[in-house]
Structure formats: structure tokens, C-alpha cells
Amino acid sequence: MSQPEPLVIAGVAFGSRLFLGTGKFPSPEVMARAAEASRTEMVTVALRRVDLDRPDDPTLAALDRSKYRLLPNTSGARDAEEAIRLAKLARAAAGTEWIKLEVTPEPNYLLPDPVETLRAAETLVADGFIVLPYIHADPVLAKRLEDVGCATVMPLAAPIGSNRGLRTRDLVGIIIEQANVPVVVDAGLGMPSHAAEAIELGADAVLVNTAIAIADDPVRMADAFRLAVDAAIAAREAGPGGESRIARASSPLTGFLDPTPATDPNG
Amino acid sequence: MTIAPPLERDAGRFPRRFSDTFETLDLGALRDAALRATPRDVERAIASDGPVSDALLPALFSPAASRSLEALAQRSAALTERRFGRTIQLYAPMYLSNECVNKCTYCGFSFDNRIARRTLTLDEAIAEAGGLADQGFRHLLLVSGESNRHLPVSRVAEVARALAPRFASIAVEIQPLEEEGYRELEAAGVDGVVVYQETYDPEVYASVHTKGPKTRFSWRLDSVERAGTAGLRSLGIGALLGLGDWRIEAIATALHARHLAKSAWRSRVAISFPRIRAAAGGYVPAAPVDDRDFVQMLCAMRLAMPDAELVVSTREPVALRDQLIGLGVTRMSAGSRTNPGGYSEPEASEGQFDIVDERSPRAVAEVIAARGFEPVWKDFDRSFVAR
């Protein structure tokens, strides 16, 4: 089997199209084992949960930094200013320009504020950051973020942590159709089949956290998501036959009306 | 039945303060609705997709729901896990002063109690907090009696500024303030506030709060909303369990929380379940809440408010606290002292109430981990609020 094409974000190639969030796990050790099983190459950590400048921080200490690119996120930021402040803090403490931009002023559904996200993205890109913004499945917003120089767009499938699957399917489809940057479906993917659906739809990658973290066996579930993503990529490369409302029988019933020479009994 | 008054969404009148909505509520009717709820109502409430509807809210706190407590607990546990994961956040209360100008029949700090009074100096507060930081705490709750003379808001702000370098999150549980006061605290790096209504039953309220500014029921009721307007992110509410009928307290608390989620929409609601403990003054609870009702109240609150932080303090006994991990609680205190200076010198002054769970923070964290949950010491960052 041929190797699937790597995903490239801001010039960096990723062999895995599954990114992992690090919250909600029963312990940092389980989180690290799940990361291992997922074979992810990028994990995101909430800046509010970790002390980047403390080497003994439990979350950071559990992760083998040689295996994963660390993607700090600004989860909890209520406006552009807060997100920018957090991003700069992350750059100073962790030495990475990569930032997952999350501006979520409402603490219950944690839905992203499109206005503040765009404002923050403009400033951060101008300041040299590699910006991966978490957004609603809003195709126009996605183009605006691409225009200001974001490295990807990360539309939500459903509210964070809801495990409800690709509820925004039609709009994510438009984003994928129009995007010139990788599209990473983030938030709400609750089962491996949801992740596969997003990849089959054309998403370049998916980011999963809750579905893996709160499974009875997070390590096994991480492996299941890996398999689903790999399966969907293989299916995409295999060239799907496509859907039709009209049956296409493998042994046509009306073939006798248009006989080919080899099968014509009178030939 | 309709609980929310139809005017709630009328243009020009929305958002109303909770005290306006509250005046239109018939607490007795809500309690009756709970007492009358059928097993079918409970089943529908537990099966709700998303927050339970207002109409089914009383059923959660009903005797019928008590008979389905296991199902209620399972649903609460599942909702909590999905929203918060397998985590329990730890915080420490730190008392700045036990001076108080109110007369409250149940409280050790009541001004007519002859106890050793003390207000920490700035240096004492820094030393006291340093000990907590050394134990691993990154979330701090500054607590005091209510005395503007001994502990004006400017002083609380000064303390918060001084402590900010060592703590990720600083909240306050002090006298209710005007919006301006909360703005002053927010500018000083305070990110949360707690104001317990104590009881949502106005008659009971009047009978236990007999002197001082705390006699103003509605002023207190709207405090956290003012704090939300001022930009504070965590808004803590709750009733002191044992004063009034717990079903009324629970339903009113849930309605208060739901109101805040709409009006102070940028803030997270945190709901506490303090049960009255022995304190100076010798108050005997008029309406004690037993463990079964307590657990029902907590689990039912999770169904009413899937996204709220649910908080349990060291007022509760060890065995119960350990069992509550995984049921719906998301935040716990540990190793608490309830007297000013109590961490540095335990006998320095009188506490507000008696602590039951006296284990060290590390010991509590180990129990949390042993039950398959991650003890979370840091879930906020100073850079959100530092300007």
C-alpha cells in the first residue's frame, strides 16, 4: 500500500491527521498513553491548565516532547486582547510560534466569538505567529481568516465536548470546497465514525479530545480514532464510487438489449 | 406549569435583575409542584436532552425523584463527565477577617458573639497565603465577615494584588458590593465572587438576619449579577442548608443560576451546597438536610445546570466527600481553616464554623486520583486578568 500524502501546515509535514486535546483525562499518565496510541504528532494544551515555565507541570511532564508538536491554546480567553496576551506568554515560555486561537466568551457551550477571533488573528499573524483558529462552521469567516494569514481553519462539528458528531456537515463541506489552507474539524466529534465522516468529506485533519478522554478505556478509544482516520484517508485515496439514488446493479437486467460481441449468443 | 414570567423576554425589560423575576415566583407553589411530581415526571426530567425544562425542574427535587435517586445520580455523573471530564479542581479558602456588622442567628461571626476578633494585616495575609501556595494551591478564595470598616474593598484589592504572583485564580467571599466595588476588585486581578443568599425564603431570611446591611434581601440577591456586569468570571451562589425547606432553596438556586447564565452570560456559575455546622452561638438547624436529600439536591442541580461548577467544602464528612467524587462535584476545598490566620497559627482566632474533613490537601488529592480523577490545581491563568 502506498504511503498517504502527508498533511502540511505552515511548511511542517504531519504523518498523522489526528490531533489530540489533553483535557478531561483521568490522569496525565492515561493522557500520555492515549496520545501514544493515537499516533498523533500534534497535541494541544490549554494555557490556563499548564505552567509552561515549570518543567514539573504534570501535563507537560507526561508528554514526550520529541514525539509531539505542542500546540498551546488560548481556551478561556474572552476577547482578542486576552487571547493575544496568552499567545505571547506561550511563545515566551514554550518557544513556539504555533497557537490554537480560541476566543470563547461564553463559558457554557464555549462557542467561539467570530469578531474577536478575526481581530486576534490579524494581530497575531502580523506578530509572526502561526495561527490555527477555532471557529464556527462559517465559510465566509473561514475565508476572512485565510485572507489575514491563518495557517489553517478549525471549524467545529458540534459544541465542544458534546460528542454529537458532524452536525455542521453542509457548512464544513463549503469551507473545505473553498479553502486554500488545511481544514481541521475540531470539537464535537464523539465517535470514530464521526471522525471518518469528516475526513471522507474532505477535511485535512480532525482534532479530538473529549470522546477519547472520557471513554472507559481512553487508550483503546485513541487507537479506534486512529484506525477510523486512517480508514477514511485510505478510502479517499481509493477513489469512492460515489452515491446515486438510482440502483446500479452489478449484473444489469437490461444488458441483453445492448449485447456486446463476446456475449452475443447469435454472434 | 409556567415558572418564568411571560415578560422575561419582553423588549425593553430584558435583562431584568433576578430580584425582579424572583418577586413574581410563588415559592410555595414550586414546592407543591415538587411534592406532587409523579414518577413519570421524574423519568421525563432525567431523560431530558440538555438542561431540564422549567416545567420539569421541581420534579428533580421531588420525593418521587428521591425514589429514583440512582438513575438521577447516573445521569448527573454522565453529564458531569462529558462536560468536565474526570477532573476535580482544588481550592483553598483563606479568611482575612472575622469582623462583622451583621447579626445572623446561625453564624459564628455574628457581631453579638463574644469571640476573638482579628483582621489580617497585609503582611500577615501574604504569609498566610504563602503557606497555601507552598501546599500546591493555585486557586484561592479570600473570605471575610462583612465589615467595611475593618476590611474595605480597597484593602481586599490590595491583598489580591499582593497575592497575584503566586496564584492562578483569586476569588472573594466578602460583603456584597456595588458594581463599582466589583470593578475595583476585577482591576486588581480578582476573577471570581461568591455571595450565598443563605436562604431564598424571604420569611426565613428575615427571621435569621436580624440586624445589619445583610437584612436587605434583594440587594444581596442581585450581588453576583452586579459582579458579572463588572467582569468577574466565576459567580458563586448557594443556600446555607438547614435554614429553610431544602426543596425551596434548591429550586430557587437553580432558577437563580439559570437567570445568571442568561444575564451574566460571560461568567460561569458555581453552585455551593454548604450545610450548617456547629459554630459559636449554638444555632440548631431548623430544617436539617440529611445525606440522601443532600445527594439528590446535588445530582438534581447537575441536571438543571449541566455547565455549572458544583462545589463541596470541608464542612462535609470524609466518607461522604469521597463518595461525591464522580457524582457531579467539580470543585472541592481541602485542608481548610475558617479563622483568620488559621493556617499560620491554628488557634489564633475563632473560626466561622467547624471543619469536618481535616485531611491535608495532598491527602485529598491522593484520594481523588485513587478514584480515577485528576486533581486539578490550576485551571486559570493570571495572564487572562493581568493588564
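The answer below starts at the contact between the chains and then moves into each chain.

Analyst: This is a predicted model, in which local features need pLDDT of at least 70 and side-chain atom pairs count only at pLDDT 80 or more, whereas totals for chains, interfaces and linings use all residues. Residues are numbered from 1 along each chain as its sequence is written, chains are lettered from A and ligands numbered from 1 in the order in which they are written, and side-chain values use heavy atoms, with hydrogens and water left out.

The contact draws 35 residues from chain A and 32 residues from chain B, where contact means heavy atoms within 4.5 Å. Together the chains bury about 2700 Å², of which 43% is on carbon and sulfur atoms. Buried area is here the accessible area (1.4 Å probe) that two parts lose on being put together, summed over both.

Between chain A and chain B there are 6 salt bridges, each a side-chain nitrogen of Lys or Arg within 4 Å of a carboxyl oxygen of Asp or Glu. A salt bridge joins the side chains of R164(A) and D49(B), at 3.6 Å from N to O.

On the side of chain A that touches chain B, the elements giving two or more residues are α3 (80–94) and α8 (210–213) of chain A. Helices (H or I, at least four residues) and strands (E, at least two) are DSSP runs, numbered from the N terminus. The most is given by α3(A), with 4 residues. By class, this side of chain A has 15 nonpolar, 9 polar and 11 charged residues. For that count, Ala, Val, Leu, Ile, Met, Phe, Trp, Tyr, Cys and Pro are nonpolar, Asp, Glu, Lys and Arg are charged, and the others, Gly among them, are polar.

Helix α1 (residues 28–38) of chain A is mostly covered, with 8 of its 11 residues buried. Buried means under 20% relative accessible area, exposed over 50%, and partly exposed in between (1.4 Å probe, protein chains only). Among the buried residues of α1(A) are P28(A), V30(A), M31(A) and A32(A). Their cover includes β3 (18–21), α2 (58–62), α8 and α9 (218–238) of chain A, together with β11 (374–376) of chain B. Just after α1(A), R39(A) takes a positive phi of about 55°.

Also in chain A, P182(A) lies in the loop between α6 (169–178) and β9 (184–186). P182(A) is buried, at 13% relative accessible area. Apart from residues up to four places away in sequence, P182(A) touches L7(A), V8(A), I9(A), A151(A), T152(A), V153(A) and D204(A). A network of salt bridges links K88(A), R91(A), E97(A) and D127(A).

Turning to the cores, the largest nonpolar core has 103 residues, of which L60(B), M94(B), L185(B) and I271(B) touch the most other members. A second, separate core of 70 residues includes V50(A), V185(A), A195(A) and V219(A). Such a core is a set of buried Ala, Val, Leu, Ile, Met, Phe, Trp, Tyr and Cys residues joined through side-chain atoms within 4.5 Å. Beyond its neighbours within four places in sequence, M94(B) is in contact with residues including L120(B), L132(B), V143(B) and Y343(B).

Over all chains, the whole structure holds 42 salt bridges. One of them pairs D307(B) with R83(B), the closest N and O atoms being 2.7 Å apart. D307(B) lies in the loop between α14 (291–304) and β9 (309–312) of chain B and R83(B) in helix α6 (residues 69–84) of chain B, so the pair ties together parts 224 residues apart in sequence. Both ends are covered: D307(B) is buried at 13% relative accessible area, and R83(B) is buried at 14%.

The side chain of R275(B) reaches the backbone oxygen of V289(B) at 2.7 Å.

Definitions and conventions:
A polar contact is a pair of N or O atoms within 3.5 Å; within protein, one must be able to donate a hydrogen and the other to accept it, and residues adjacent in sequence count only if both atoms are side-chain atoms.
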